Amino acid sequence: MADLTKLAKLLQELDDQMVGCMKCGMCQAVCPVFAETMKEADVTRGKIALLENLAKEMIHDAAGVQEKLNKCLLCGSCGANCPSGVKVMDIFLRARVIVNTYMGLSPVKKAILRGMLTKPALFNALLDLGSKFQGIFTSKVDDLLGSSCSKVLSPVIGDRHFVGLAKQSLHSKIKALDTPAGKSGKRVAFFPGCLGDKMFVSVAEACLKVFEHHGVGVYMPEGQACCGIPAISSGDRVAYDKLVKINLDLFSKGGFDYLVTPCATCTATIKEIWPKLMDEYPATMRDQIRALHDKVMDVNQFVVDVLGVKPEAPAKGAVKVTFHDSCHMKKSLGVTSQPRALIGMNPKYELVEMAECDRCCGSGGSFNLYHYDLSKQIGERKRDNILATGAQIVSTGCPACMLQMTDMLSQHGAKVAVKHSIELYADSLR
Amino acid sequence: MPSAALIKEFEAIVGKDNVFTSEADRQSYSYDSAVLEAVVPALVVRPTSTEQLGKVVRLCNENGNPITVRGAGTNLSGGTIPDPREGIVILTNSLNRIIEINEEDLYAVVEPGVVTAKFAAEVAKRGLFYPPDPGSQAVSTLGGNVAENAGGLRGLKYGVTKDYVMGIEFFDVNGGLVKTGSRTVKCVTGYNLAGLMVASEGTLGVFSNIVLKLVPPPQASKAMMAVFDDVNKASEAVAGIIAAHVVPCTLEFMDQATIRYVDDFTKAGLPRDAQAILLIEVDGHAGQVAEDAEKVEKVLNKVGATEIKVAKDAAEKFKLWEARRNALPALARAKPTTVLEDATVPRSKIPAMVKAINDIAAKYNISIGTFGHAGDGNLHPTILCDRRDKHEFERVEHAVDEIFDVALSLHGTLSGEHGIGMAKSKWMEKETSKATIEFSRNMKRAIDPKYILNPGKIIGA
Ligand SMILES: Cc1cc2nc3c(=O)[nH]c(=O)nc-3n(C[C@H](O)[C@H](O)[C@H](O)COP(=O)(O)OP(=O)(O)OC[C@H]3O[C@@H](n4cnc5c(N)ncnc54)[C@H](O)[C@@H]3O)c2cc1C
Ligand code: SF4
Ligand code: SF4
Ligand code: SF4
């Protein structure tokens with residue numbers, strides 16, 4: 001078992017973090033996967049125990065551990081709730097890199113992550129083509145790679161009601177932007193994210209409309225790459241590093257006050273994950289990452305906290321809107337009141353809270369592809385909570401959640417629209 | 001591993017999906033919340049109905065496989081660490097139905113895998129109250145609560161789990177269904193076997209149904225915090241409050257070490273020089289609450305609390321409790337390993353106990369923060385260490401031994417609420433007597449001749 005010894009050695013670097021888990025089991029209360037499967041190996045405590053055992057060579061079935069490790073939404077609920085403050089996300093991401101690298105990436109994943117995602121021009125060209133041939137582009141998708149954005153690559157899968165690729169992506173409508181600060185005196189770099197660029201173009205356009213309305217200058221360089229989350233959550237460090245590098249090259253220029261995204265997942269990745277995984281980068285890259293850590297901001301937070309948009313009293317319009325707290329938005333970024341404030345700005349709407357508004361919707365990146373049934377069960381609980389409010393619109397701050405909720409609601413034949421909170425706000429502006 | 005044929009038999013009872021054989025699955029049921037060595041079970045079986053539960057127990061007994069029933073696996077004494085000899089873990093988390101909540105007769109019937117907080121919430125929805133509230137209630141199961149006789153913050157006034165158990169149906173080793181207790185307030189039909197099942201840690205029978213008592217909820221409550229420059233004064237305050245005939249629903253204590261750890265963690269500006277903090281909450285109907293709160297304040301002033309804060313509304317109350325809520329999180333974060341003890345002494349002995357704990361910490365050069373339920377003398381000396389440091393951990397073990405010694409010398413008990421399990425069984429005879437152990441073993445042998453019901457727990461092997 002010489003091989004396992006090597007794997008064990010690599011995992012030992014996580015020991016200092018894993019030892020903080022006191023096995024109290026409190027994560028069982030919040031893990032959406034555990035709520036469905038009720039299996040200890042699916043909850044944080046179980047996963048950490050298995051990784052510890054792998055590190056101590058007490059377990060032989062590394063593939064078994066890999067399977068459990070990947071059966072996780074990376075939603076962060078457990079970490080946010082852990083009495084011992086265990087850095088669960090750190091552990092899981094690093095462990096995925098170690099275990100998945102060790103076990104090897106599938107050739108399909110490798111082709112997509114390294115061959116396509118890291119080449120934004122090629123990626124965009126292929127997908128622009130794809131949007132015209134949706135439906136042809138549907139071969140063996142279940143073996144595709146990770147993250148919500150993988151759906152960008154798989155427009156139609158089985159009976160899932162996906163939002164298709166937009167007819168025209170943002171980058172093919174607007175190549176790049178470089179406008180000076182207006183009356184707000186602020187200038188932002190805009191990172192629409194893959195989903196904002198290729199699926200929910202209306203979300204990206206809403207952001208641009210809001211920037212224009214408030215006189216915010218925009219730097220939107222051409223050739224933006226994915227933030228890297230699908231690569232790193234598949235454990236592909238090589239592709240991840242390339243993606244980070246491409247984006248750093250673009251965003252170390254441009255002279256802006258904030259880096260704004262409409263995707264809570266992108267924001268959390270840039271803010272939290274990039275600094276976590278930068279130890280091996282050269283000093284200049286580390287400095288760039290630190291600078292972006294300070295500048296990156298969710299669009300809701302930007303509009304409310306920086307531009308100072310706030311309703312005097314929340315609107316009490318005729319149309320009921322309910323809000324879903326995306327995991328990355330609430331648990332990683334701590335942004336909860338700002339999107340609600342933006343909804344409250346539109347006189348057409350009234351906000352009604354749903355039960356368990358901060359419970360994961362079950363999207364969780366590749367999780368949705370590999371564990372579709374489980375993802376669906378988790379999503380159905382969210383759907384039922386949405387329906388119970390009687391709202392006509394469900395709003396959220398993350399395109400990945402929008403995809404999942406659209407899927408769950410439309411399969412159910414429910415007539416509830418799914419909208420990003422920035423869209424609802426933009427709609428109130430002339 | 002059990003034979004393929006035996007695995008097939010289990011599968012025939014509970015279905016293929018509910019028999020876990022993989023190495024990864026089995027390893028994830030090898031531990032609980034106690035800081036002890038893990039033991040990997042040979043098989044894990046998850047019945048989805050109580051009928052299946054009985055059949056599984058019977059099959060284990062027929063084949064001589066030791067059984068460890070597991071709820072949420074949060075006990076702190078090794079009660080769910082399986083037996084190394086082809087031990088089988090039986091999960092109860094699919095037996096999670098609330099069968100009945102009777103609002104007229106104030107009782108509920110539940111399966112053992114119902115999560116405590118979910119149950120309490122369902123009961124509250126109907127305008128009733130289930131008081132036992134262990135710190136783990138968000139995940140712990142009612143079966144586990146009964147089998148450990150779990151306590152909680154409300155113990156002083158409302159009692160602990162045993163005070164709410166009206167009846168239990170449980171399987172004996174042969175899978176026979178034993179019925180004890182009833183849905184009536186009074187019941188003297190036969191031996192009080194339900195009482196015997198409480199705190200039995202899975203060593204005497206396997207619960208399939210539990211009848212729990214419900215009470216009307218208090219209408220009002222008031223919380224306050226008092227700061228002391230001397231543990232003795234805090235203790236005098238506790239005695240004074242009881243002597244004034246006030247029974248607070250919670251009366252929580254934090255020592256200086258805990259206060260400092262919490263302050264380091266929350267930066268809430270707690271009084272770092274204080275020797276003790278008491279958090280006190282009285283409840284009942286509004287008039288009585290106001291009166292009781294006044295009496296408590298008087299006592300606090302009289303014994304010389306250096307600071308008293310009274311919460312004016314729900315928001316302030318939430319804030320007052322913040323320090324106590326953060327006690328475990330703050331201590332747990334301070335060092336990698338957290339050994340949570342629960343030696344308990346008569347409440348008048350709290351100052352002696354706290355002093356002894358601090359002396360022991362100094363003697364062995366380890367960090368201990370003590371917090372707990374001052375009203376019932378149930379302290380949680382929490383040892384902060386790193387189990388990877390062999391030398392330190394040896395000192396920790398000595399310290400734990402001494403803590404028990406002191407608790408017993410003060411006429412206290414080994415465990416107020418966490419149970420004996422494997423962690424403290426070697427101490428049992430010291431607190432009780434040789435005859436007690438013999439009596440218990442004889443009883444177990446008669447009930448469980450093959451010694452398969454969670455062997456090694458409470459009374460040793
Ligand atoms: C953070 C934290 C805080 C805690 N706070 C408290 C507290 O305030 N008060 C307190 O008392 N305890 C506390 N505990 C300890 C623990 O949570 C309790 O002992 C709880 O009752 C265990 O419930 P469980 O479902 O996890 O049971 P488990 O740990 O799964 O099992 C406990 C015992 O019950 C037996 N058992 C379970 N189900 C059955 C059944 N159906 N039939 C027969 N036997 C069964 C098991 O075999 C085992 O011996 C705490 C633990 C943690 C980690
Ligand atoms: S809540 Fe945190 S410390 Fe407790 S078991 Fe889960 S990960 Fe470990
Ligand atoms: S990240 Fe989410 S899905 Fe993964 S273990 Fe934690 S709570 Fe469960
Ligand atoms: S997080 Fe955003 S940018 Fe990153 S891959 Fe997903 S959608 Fe694309």
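Select His411(B) to begin: this residue is exposed, with a relative accessible area of 68%, where exposed means over 50%, buried under 20% and partly exposed in between, computed with a 1.4 Å probe on the protein chains only. The model is a predicted one, in which local features need pLDDT of at least 70 and side-chain atom pairs count only at pLDDT 80 or more, while totals for chains, interfaces and linings use all residues. Residues are numbered from 1 along each chain as its sequence is written, chains are lettered from A and ligands numbered from 1 in the order in which they are written, and side-chain values use heavy atoms, with hydrogens and water left out.

Staying on His411(B), look at the backbone: phi is near 65°, a positive value in a residue other than glycine. The residue is found in the loop between helix 14 (390–409) and helix 15 (428–431) of chain B; helices (H or I, at least four residues) and strands (E, at least two) are DSSP runs, numbered from the N terminus.

Next, select Glu57(A), which is not a glycine either and has a positive phi of about 55°. Glu57(A) sits in the loop between helix 4 (44–55) and helix 5 (62–70) of chain A, and at 36% relative accessibility it counts as partly exposed.

Return to chain B and select Asn18(B), in the loop that runs between helix 1 (4–14) and strand 1 (19–20). Is Asn18(B) buried or exposed? Asn18(B) is buried, its relative accessible area being 11%. Its side chain reaches the backbone oxygen of Val14(B) at 3.2 Å. Once neighbours within four places in sequence are left aside, Asn18(B) is in contact (heavy atoms within 4.5 Å) with Val44(B), Val45(B), Arg46(B) and Thr48(B).

Now turn to the rings. Rings of Phe, Tyr and Trp (its six-membered ring) pair if their centres lie within 6.5 Å, with planes under 30 degrees apart counted as stacked, over 60 as edge-to-face and the rest as tilted; by this rule there are 12 aromatic pairs over all chains. Select Phe190(A) and Phe211(A), whose ring centres are 5.6 Å apart and whose planes stand at 80°, so the pair is edge-to-face. Because Phe190(A) lies in strand 2 (residues 187–190) of chain A and Phe211(A) in helix 12 (residues 201–213) of chain A, the pair ties together parts that are 21 residues apart in sequence.

In chain A, the charged end of Lys295(A) sits over the ring of Phe256(A), 4.8 Å from its centre; in chain B, that of Arg70(B) sits over the ring of Tyr31(B), 5.7 Å from its centre.

Finally, display the contact between the chains, which takes 34 residues from chain A and 30 residues from chain B. The area buried between them is about 2,500 Å², of which carbon and sulfur atoms give 51%, buried area being the accessible area (1.4 Å probe) that two parts lose on being put together, summed over both. On the chain A side, select Val19(A), Met22(A) and Met38(A), which lose the most area to chain B, together 23% of what that side buries.

Note on methods:
A polar contact is a pair of N or O atoms within 3.5 Å; within protein, one must be able to donate a hydrogen and the other to accept it, and residues adjacent in sequence count only if both atoms are side-chain atoms. A charge sits over a ring if NZ of Lys or CZ of Arg is within 6 Å of the ring centre and within 35 degrees of the ring normal.
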